[in-house]
Amino acid sequence: MITVNADGKIMVRRCLVTLRPFSRGSCGAGAGVPGWGVHARLAVSQVSLCAAVMGALESRGVLRRMSDMLEMLMKRMDILARLENSTDFHKGDEARFPLDRSPAAGLMERIQAIAQNVSDIAIKVDQILRNSLLNGKGMEGRRDQCEVPRDPKYPDCAGKVEWMRARWTSDPCYAFFGVDGTECSFLIYLSEVEWFCPPLPWRNHTVAVPSPPPPPRAQAAFRRDLARLLELIGTGKESLSFMKKRIRHLAQQWLRAARRLEQRLAGRQRDQKHILVHIGFLTEESGDVFSPRVLKGGPLGEMVQWADILAALFMLGHSLRVTVSLKELQSHLGVPPGRGNCPLTSPLPFDLIYTDYHGLQQMKQHMGLSFKKYRCRVRVIDTFGTEPAYNHEEYATLRGYRTNWGYWNLQPSQFMTMFPHTPDNSFMGFVSEELNQTEKQLIKANKVSSMAVVYGKEASIWKVGGKEKFLAILNKYMEIHGTVYYETQRPPEVPAFVKNHGLLPQHEFQQLLRKAKVGEAIPGPCPPLPKHPEAFHSPHPGSRLRYSPSPAQMGQGCPQLLPVLCSCPSQVDPYLPYEYTCEGMLERIHAYIQHQDFCTPSSLPPSPKTKTPAMQSPPSPLALSPNSTHLVWSPSAGWAPQAWPPVASLQVWVSEPQHTCTETCRRHGLVCEPTFFRFLNKEEVFLQLSITCDSTEYEMNHLYPAVAENVHECYLQKEPLLFSCAGHHAKYRRLCPCRDFRQGQVALCRDCL
């Protein structure tokens with residue numbers, strides 16, 4: 001392709017030939033000539049014109065120099081031939097080479113052929129350059145005539161062109177896509193690379209033809225071995241070594257769990273997804289503070305979860321790419337050279353991307369507009385969760401909900417948590433080692449009833465929030481053990497009455513936990529000690545102050561939060577909820593991958609063909625339950641959206657004042673399901689529940705839909721991203737969407753598989 005720039009110079013971008021000056025040791029292309037160190041096999045099909053650097057005079061000059069060098073080479077070969085004929089240098093070779101076919105003579109013929117090829121190339125290039133100059137004059141005139149179109153379908157076009165005039169040199173990526181400072185190059189970029197301007201009529205636009213249907217996708221098959229995953233994870237970091245060690249340790253549990261789930265799914269078709277796993281907090285650009293601290297008491301919980309996510313995705317049979325560097329991320333995404341302001345060079349090759357907040361920030365910085373286009377494919381591994389009020393940037397800013405990690409405006413279910421903190425997010429979880437019956441009996445036999453383990457490996461964790469007073473009271477009833485890292489002397493932050501074992505290997509720490517009556521671990525007969533909000537939650541985008549157990553954990557021996565005197569009986573069977581087993585995690589992630597879709601707009605009830613004064617909006621698909629206490633999906637609704645979870649599991653309850661929807665649903669043995677809010681965010685739902693509304697307003701508030709009963713004011717949600725199971729106020733009773741759940745698997749409804 002030959003184009004003309006603003007200065008009238010001919011730029012050759014992608015051509016068939018490259019002409020490189022001869023030099024000692026290299027020449028154009030071809031095999032080496034013995035004794036000369038010069039490449040001499042040069043063919044038209046093997047050479048190509050240097051891209052985007054030669055003008056007309058330069059290209060002709062290169063051809064002239066090449067011709068001169070060939071002529072000099074032929075003269076030297078002629079001298080060599082005469083020298084050969086006048087000596088007995090090759091007498092011993094006469095039997096192999098006739099006098100008229102010496103090596104020098106053959107080489108001379110080849111050089112002559114090369115010279116002829118170069119001459120032909122010169123003629124062709126000259127013709128191309130002449131034609132390009134003629135065409136370039138017309139093109140240049142056309143480029144100078146470009147005007148910013150005024151098209152109401154593209155209201156931002158003029159503003160974007162103005163921005164490009166002032167800032168196009170701010171990022172090399174614009175030049176990469178052909179922007180050269182001319183008005184037409186701005187419009188070409190803004191219409192063909194980005195989408196702010198209409199296509200230019202004089203540009204070559206291929207007529208859109210129906211594309212053939214895509215070939216059937218490969219099906220995911222459960223894997224039988226984890227060796228390939230260990231290769232994908234790579235080496236070079238202590239954190240990666242830790243994750244691989246964990247995967248090896250649990251390998252047999254993963255394999256058994258995969259076989260069981262495969263049997264239960266009974267050969268169901270599952271499309272194989274192309275998945276990128278980018279662990280942003282391990283990249284050098286984010287500081288990677290974790291890897292150097294793996295062996296010094298640093299946090300391991302995130303790496304435990306990432307190891308389990310990788311194992312689950314791989315065992316489910318999906319195609320994985322794993323990155324822990326920004327350079328790898330850019331390569332896999334197709335990021336153009338520059339500072340990240342331009343879109344990707346090609347469509348995103350991944351169906352899903354699992355990353356963390358650091359990775360999310362890196363993607364936003366380097367994907368340009370493509371981040372907005374493809375962010376629906378992202379799943380954010382978010383240890384503590386992000387409630388909708390902290391996720392919506394405008395709302396959080398107006399309300400003063402400050403956080404280091406929020407403001408992303410994603411669908412709240414795209415955030416995947418370590419524990420089921422809030423139903424607004426998806427519960428990703430992790431797995432715990434399963435025990436056989438013999439191991440359980442051994443733990444019961446060795447259990448020490450007056451022993452507690454506090455899991456805080458870094459001394460700094462013990463300083464926050466006045467824990468010493470709490471621990472001192474607990475010490476009156478139990479012997480307290482710790483595993484705080486230190487090098488030479490005991491950390492002063494750890495109270496003297498705590499028996500500190502130092503940093504323990506995983507298997508030794510598990511043995512210590514199995515002896516204790518109280519400790520922070522799963523499995524365990526009691527819930528963990530409460531984590532102080534100042535230590536963990538203040539920078540995180542949520543309102544809760546401590547972990548919330550899932551419904552499957554409720555009533556399993558101990559209260560939700562550990563009081564000073566734990567009421568657990570002395571002998572409690574070790575309990576592991578199904579959702580923390582390998583099979584439970586495989587089942588949950590399988591359901592998410594198959595059913596969660598944040599890229600396709602949600603279906604809404606069909607609008608009536610005609611509107612009457614009595615029916616200003618579509619009839620509600622909800623109906624009172626037989627006992628008239630709540631609403632359910634009506635069997636006679638006449639339509640069923642392609643929703644997940646299925647709408648048949650929906651129940652609508654009204655909260656009490658000061659109660660969240662999470663609490664309201666739990667009181668009825670259900671789970672709040674935020675994806676169902678859209679079905680009850682309607683004025684007629686208040687009427688169906690016999691709620692009087694003197695006025696109804698649409699507003700942005702994470703507590704809506706709700707009713708202020710004392711003044712008969714009803715409120716509907718204006719911003720779908722703010723639908724939230726969390727949050728309460730003394731003024732409001734909230735409309736709450738609830739659903740059932742699978743035994744031992746709070747994340748899924750009964751029919752969600």
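Leaving aside its neighbours within four places in sequence, which residues is Leu 229 in contact with? Before getting to that, a word on what you're looking at. This is a predicted model, where local features need pLDDT of at least 70 and side-chain atom pairs count only at pLDDT 80 or more, while totals for chains, interfaces and linings use all residues. Residues are numbered from 1 along each chain as its sequence is written, and side-chain values use heavy atoms, with hydrogens and water left out.

Back to Leu 229: its partners are Ile 247, Leu 310, Ala 311, Phe 314 and Leu 320, with contact meaning heavy atoms within 4.5 Å. Leu 229 also belongs to the largest nonpolar core, which has 68 residues. A nonpolar core here is a set of buried Ala, Val, Leu, Ile, Met, Phe, Trp, Tyr and Cys residues joined through side-chain atoms within 4.5 Å; buried is under 20% relative accessible area, exposed over 50% and partly exposed in between, using a 1.4 Å probe and protein chains only. Among the members touching the most others are Leu 229, Trp 254, Trp 306 and Leu 586. Helix α9 gives the largest share of this core, 11 residues. (Helices are DSSP runs of H or I with at least four residues, strands are E runs of at least two, and both are numbered from the N terminus.)

So how does α9 sit against α8? The axes of α8 (residues 251-265) and α9 (residues 301-315) come within 11 Å and cross at roughly 40°. Axes are lines fitted to C-alpha atoms, for helices over the stretch in contact, and angles run from 0 to 180 degrees between N-to-C directions. From α8, Trp 254, Leu 255 and Ala 258 make the contact, and from α9 come Asp 308, Ala 311, Ala 312 and Met 315.

A second, separate core of 30 residues includes Trp 633, Cys 665, Phe 676 and Phe 679. For the protein as a whole, 47% of the 753 residues count as buried.

Now for some backbone details. A cis peptide bond joins Trp 644 and Pro 645, with omega about 0°, and Pro 645 is in the loop between β16 (631-633) and β17 (651-654). Tyr 704 and Pro 705 are also joined by a cis peptide bond, with omega about 10°. Gln 658 has a positive phi of about 70° although it is not a glycine; you'll find Gln 658 in the loop between β17 and α20 (661-667). Gln 658 is partly exposed, at 40% relative accessible area.
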